[in-house]
Amino acid sequence: MDAVTQKVRLATVWLGGCSGCHMSFLDLDEWLFEVAKFADIVFSPVASDIKDYPENVDVCLVEGAVANEENLELLLKVRSRTRILASFGDCAVTANVPAMRNMLGTAEPVLRRCYLELSDGVSHKLPDEPGIVPPLLDRVLPVHEVVSVDLFIPGCPPSAPRIQAAIEPLLHGNTPLMEGREMIKFG
Amino acid sequence: MSVITLTIDGQAIAIEEGATLLEAAQEVGAAIPTLCHLKGLSPVGACRLCVVEVEGIPKLLPACVTAAAEGMVVHTNTDNLQDYRRTIVELFFAEGNHVCAVCVANNNCELQDAAISTGMTHVTYPYQYPQREVDVSHPQFGLDRNRCILCTRCVRACDELEGAHVWDIAYRGEHAKLIAGLDQPWGTVDACTSCGKCVDACPTGAIFRRGATVAEMERDRAKLEFLAQAREEQQWTR
């Protein structure tokens, strides 16, 4: 809670996912005004220009699986600076489609498959830009296999009504009830 | 036919001897989740989702293959049972490669329904990501073993209703897999009549009609029950 504004400090982050969950968040439409009434959005790829994840965040929605070193670094920072961390959507909750590469084993055969075997171009090489392109992790992981998670919001993507039902209680210091088809169906 | 009496979730019930606990529970309206069970096929107790507590018996019993007995006191929906059932569903998800978002059976899947009814918000076991084969050698149907939970509904439907016995489970433990014929491509199995009963029986998207894409799966489960009953009762129209 912000000491001056008395608002919940809300963040959203985007790891290994398609941003569909964030698009669904924007589908909250006019209810976003309600969010703004009770929360300051302190970090978000769709609602903030802040580049560094701040301290003392009350609630963070984490979209996406943990697929590369950048995802991992950001997630660890998010966990250490956030009170309530929510796995937001199927990729965060189950690793979902990004994890389908796990069936190929480690990162190397995946890169070889994509950049060498299936390449149409002439300059066959694996991406290698240290400090710019983050290396893939050998295994794509759901968020809760890396850090502790306080709330799970499944769905691909979770619908706007489901997102609203999940975060409305959080804005008022309560815990949402996650049960039944409307709230926890995967896919 | 003699009748026995027992208690299910506090309700007294009288039922014909030989009935299973699952049938008795359905009589009193107790909703026991099932996956491998399909009315019209012989029960096998493969999935263990229907486990119940019977007072005086220290272990959980699968309701679909346990005969109701005189004086039994049965509980079908305790917190303990819900925990076990959710664990079972989580293990199904962790063991295979179930990706609802890109599955033909999304929104029409009994494994997905079981996850909802047991309150599974996430899988607490590490996913195994096994390497499993897809078979699209049949001209009409496909088999994606990534989505197979080894319930054997297809095995039983093909054997007991169609009489073709195309399907079997081969190997054991984590290597267990559904095979067609003598572990050959489905499309090369002469015994297959292409009747589609296995498609209607499959609880997930493992066996599907080719050409159907994400969330387009439709099945006619009632057909299997009708076929089984038709033989018993000699009524051939639906």
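## The parallel sheet of chain A

In this predicted model, chain A holds an open sheet of five strands, ordered β2-β1-β3-β5-β7, with parallel pairing. The edge positions are taken by β2 (39–43) and β7 (151–153) of chain A, each of which has a single partner strand, so one side of each is left without a neighbour in the sheet. From one strand to the next, the twist averages 25°.

Within this sheet, strand β3 (residues 57–63) of chain A runs parallel to strand β5 (residues 82–88) of chain A, and six bridges join the two. One residue of this pairing is Glu63(A), whose bridge partner in β5(A) is Phe88(A). Helix α3 (residues 69–81) of chain A packs on the sheet, where it touches β1 (8–14), β3 and β5 of chain A. The direction of α3(A) makes about 135° with that of β5(A).

## Contact between chains A and B

The two chains meet through 24 residues of chain A, which are in contact with 18 residues of chain B. On the side of chain A that touches chain B, α4 (90–94) and α7 (181–184) of chain A each supply at least two residues. The greatest contribution comes from α4(A), with three residues. Sorted by class, this side of chain A has 12 nonpolar, seven polar and five charged residues.

## Overall form of chain B

Chain B contains six helices and 10 strands. Its radius of gyration is 19 Å, close to the 18 Å that the globule rule gives for 238 residues, so chain B is as compact as a globular protein of that length. Taken along the principal axes, the C-alpha atoms of chain B fill a box of roughly 55 × 50 × 30 Å.

Of the 238 residues in chain B, 41% are buried. Among the contacts in chain B with a separation of 6 or more, 64% are between residues 24 or more positions apart.

## A mostly covered helix in chain B

Helix α4 (residues 153–162) of chain B is mostly covered, with seven of its 10 residues buried. These buried residues are Arg153(B), Cys154(B), Val155(B), Arg156(B), Ala157(B), Cys158(B) and Leu161(B).

After α4(B) comes Gly163(B), which has a positive phi, near 75°.

Terms used. Residues are numbered from 1 along each chain as its sequence is written. Chains are lettered from A and ligands numbered from 1 in the order in which they are written. This is a predicted model: local features need pLDDT of at least 70, side-chain atom pairs count only at pLDDT 80 or more; totals for chains, interfaces and linings use all residues. Helices (H or I, at least four residues) and strands (E, at least two) are DSSP runs, numbered from the N terminus. The radius of gyration is taken over C-alpha atoms; the globule rule is 2.2 Å times the number of residues to the power 0.38. A residue is buried if 20 or more other C-beta atoms lie within 10 Å of its own, exposed if 12 or fewer, and partly exposed in between; C-beta atoms are placed from the backbone. Two residues are in contact if their C-beta atoms, placed from the backbone, lie within 7 Å. Two strands pair if DSSP finds at least two bridges between them. Axes are lines fitted to C-alpha atoms, for helices over the stretch in contact, and angles run from 0 to 180 degrees between N-to-C directions. Ala, Val, Leu, Ile, Met, Phe, Trp, Tyr, Cys and Pro count as nonpolar, Asp, Glu, Lys and Arg as charged, and the others, Gly among them, as polar.
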